[in-house]
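Let's take a walk through this structure together, one piece at a time. Have the sequence and the 3D view ready as you read.

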Amino acid sequence: MSSRLTLELGLARAALVWERFWPAIWPLSGIAGLFLVIALFDLLPTLPTWIHGGALAILGLAAFWGLWHFFRSFRLPGEKETRRRLEQDSGLQHRPLTSLDDRLTKGDGTTRALWALHRSRLVAQSGSFKAKPPRPRFAALDPFALRCGLAVVLTVALVIGAGDWQQRLARAVTPQLSGGALSQDISFDVWINPPGYTRRAPQFLAPASAANALLNIPAGSQILAQVQGPAEDPELLLGPDATRFDSAGVDFFKVSAQINGGDRIAIVQNGRTLAEWPMAVVSDAAPTIAYLTAPSRSERAALRLQYQASDDYGVDKVRAQVQRLDKPETPPFHLELALPKSSASELDATSYHDLTPHPWAGLAVEITLIAEDALGQQGQSEALRTVLPERIFNHPVARALVELRKELTLAPEERFPIVRALRNIYQRPDHFHHDVVVALAVITAERRLIHDARPEIIPSVQQLLWDTALRLEEGELAIAERDIRNLQKALQEALARGADAAEIEALLDKLQEALDRFVEAMNEQMREQLSQGMEPQPLPPDAQLLDSSDLNDLIEKARELARNGSTEAAQELLAQLQEILENMRAGNFAEQMNKAMQDAHGMMQEMEDMVRRQQELLDRSYEREQRESQDKKGKDGDQRARERSDDAGSQEKLRKDLGEMMRQLGEALGEIPRSLGRAEQSMRDARDALNGGKEGQNPVQPQSRSLDQLQQGMKSMAESFMQQMGQQAERGSGTVGAQPGRSSDPFGRETGRGGINDARNGVKIPEEGDIVRTREILQELRRRRGERQRPAGELEYIDRLLRQF
């Protein structure tokens, strides 16, 4: 059989299948189309339950009949039927395709020849086979063209119900168990308004069914439901609890309730559920908080608390509870920790607190962090023990006042030893430079402790002693530092509560002014250290130098963020600024002046050594002259001559070293003190006298002059170096050293995780009056040391005192 004939037979078979399939499936497809139209138009849910159920039953029976009709009427065509259909479509007679299957059983040669001729003619006729399209007979089956109307209506239904076709089909096949008709004119709106602590927007609930996704609703949310249309006694169900709608007008009903439990939201009318949404009420979880690192001390003696807190809807407050370990019965005090972000769900923050003025400074305490959310629920961290940072005072009177203040904390009932100590302080006004303010403060504290026995007086006395100690220790720097911390705290609080722009601008202006005062006070402290001959401590290798303009740029950036409404970013920037300021130390100009100061320090040490060597030469000459005056017979003359020669060589070497020193001073300072030139000439005279120059010349006198001029020259050198360093400090004003902290700041400094040591620990910084008195004492001792007529015991005692300096 040719391939063309095979193809035509296949087409004829397909035509037969279609002609038999369509009449058989037509009733079932019509019933299915009718159901889809009814369901997508959402007609069945509007009917009473018994009608809804009856309609579904009729449609179901009709579908069953249509399915039975299909299986009874439809059968696939056979091979003979297919060939006969192709012969009829081709208009051939005598059924040639059937003859092709015939076989010759018997016959002679003539018969076989005739059979072959017959088959060849049949094959020639097969080339004219042509299958025709199927004839479904639509007009005979549907003489009123109902199929066209059903197709149009179904198309419209698909367009209308496309948005929620799943819900419409579900409602069509799930009739309610109770009766009551719902008019198509009834509509409803439902809003969920989460409580304020969630900071979520209100949520509108679209028409839904039990097939909807589960709604997670925060506990305490408010629900507002409205029904419009000719409804009868609608109710709102929240789980098992029912709330009746209130009439708010003609065919308008409204209800509001709080969601505290239940597993669904439903609107019910006469026992019939109009709409429902499955829900789960989510209770607000308590916040959690934990230390990132143990409490530590910042570079400027502030308590550093680094923590991590989280809450499902945002952390509202964080505070630290501080409890004394030596007296657990004492009520604790709390520190409010500023949040870098307002009501953030997760926080990694560092908070600084200057507790050096607190009476518990220096005492062992236990600190617990407490996080609180908007509902007042609290979460606590583990309690860690530490010692509250205390300020290191270098002024002796300030240090004594702070110690007395601590004794009042440890034993407030034992006042009289403190009273006696205060009396001893104000009776020695020279110890605090006769400062009247200090004297009056100490006397006031003493009188309060004597005449007021109430325990409530202790805090005021402690505050008075603290303020007095600050006045003696640092003056303007302490005030500027306190102002910065207060303004930073006020700014964080203002940003957190959403203060108006004018208030934030004013606080930023004050903070900028306080920063300028702070930097200027640090520079002034540095200049005082230079004037006292103290060498600044070098900064760590990974520290950076910040100019005051860098700090002002930070303030301006925070100002711009606040103006643009980016309050959280402004809060983060201020927290980073606080990190920088807390880790700054008064190591100003160390990097830029370190080499010059080291050179100056080395030259001063060399001058000290020259003074010592000249003093030794003078002592030997004086002792030799005393022996010569007692030995009139000239005994040991050769030995004395050798001693004179050796001393002359030492004197000459000292003179040459002084000449080299004067050359270095000329290069470093641009000038040479005149007293050093006179000292060089006196050394020449002393050398000549030791070599036996003029008859009767005594080397003691030129050596004494040389020693005195060396001392004057050393004083002039110190003043010149101080003036030079002071000028460099003026040129570098506004530069501050930054100690690395714990996290990256806005300038890209990488910070460590370990604790930061206070750079001032163990560093004694005397007051100006102490330095002046020390210098005067040193000069007087050197003057008396040059007076060789003094007793040997007194000179030895003076030598011991000078070695201490």
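Let's start at Arg785, which sits in helix H21 (residues 768-785); helices here (H or I, at least four residues) and strands (E, at least two) are DSSP runs, numbered from the N terminus. Arg785 counts as buried because its relative accessibility is 3%, where buried means under 20% relative accessible area, exposed over 50%, and partly exposed in between (1.4 Å probe, protein chains only). Glu796 lies eleven residues away from Arg785 along the chain, and their C-alpha atoms are separated by 9.0 Å.

Before going on, a word on what you're looking at. This is a predicted model, in which local features need pLDDT of at least 70, side-chain atom pairs count only at pLDDT 80 or more, and totals for chains, interfaces and linings use all residues. Residues are numbered from 1 along each chain as its sequence is written, and side-chain values use heavy atoms, with hydrogens and water left out.

Now to helix H9 (residues 396-410), starting with its packing against helix H12 (residues 457-473): the angle is about 160° and the axes are 8 Å apart. (Axes are lines fitted to C-alpha atoms, for helices over the stretch in contact, and angles run from 0 to 180 degrees between N-to-C directions.) That makes H9 roughly antiparallel to H12, a label for angles over 145 degrees. Among the H9 residues that meet H12 are Val397, Leu401 and Leu408, and on the H12 side you'll find Leu465 and Trp466, among others; contact means heavy atoms within 4.5 Å. The residues of this contact between H9 and H12 divide into eleven nonpolar, three polar and two charged. (Ala, Val, Leu, Ile, Met, Phe, Trp, Tyr, Cys and Pro count as nonpolar, Asp, Glu, Lys and Arg as charged, and the others, Gly among them, as polar.)

H9 also packs with helix H10 (residues 416-426), at an angle of about 165° and with axes 11 Å apart. That makes H9 roughly antiparallel to H10. By class, the contact of H9 with H10 has nine nonpolar, no polar and one charged residues.

How far can you trust the picture? The protein chain averages a pLDDT of 76, and 75% of the residues score at least 70; pLDDT is the predictor's confidence in each residue, from 0 to 100. Confidence is highest in strand E11 (residues 288-291), at a mean of 94, and lowest in strand E22 (residues 735-738), at 44. Over residues 729-772 the pLDDT is below 50, though this stretch has 127 contacts in the model beyond near neighbours in sequence. Where pLDDT is low, the predicted coordinates should not be read in detail.

Note on methods: Parallel < 35°, antiparallel > 145°, perpendicular 65-115°, else oblique.
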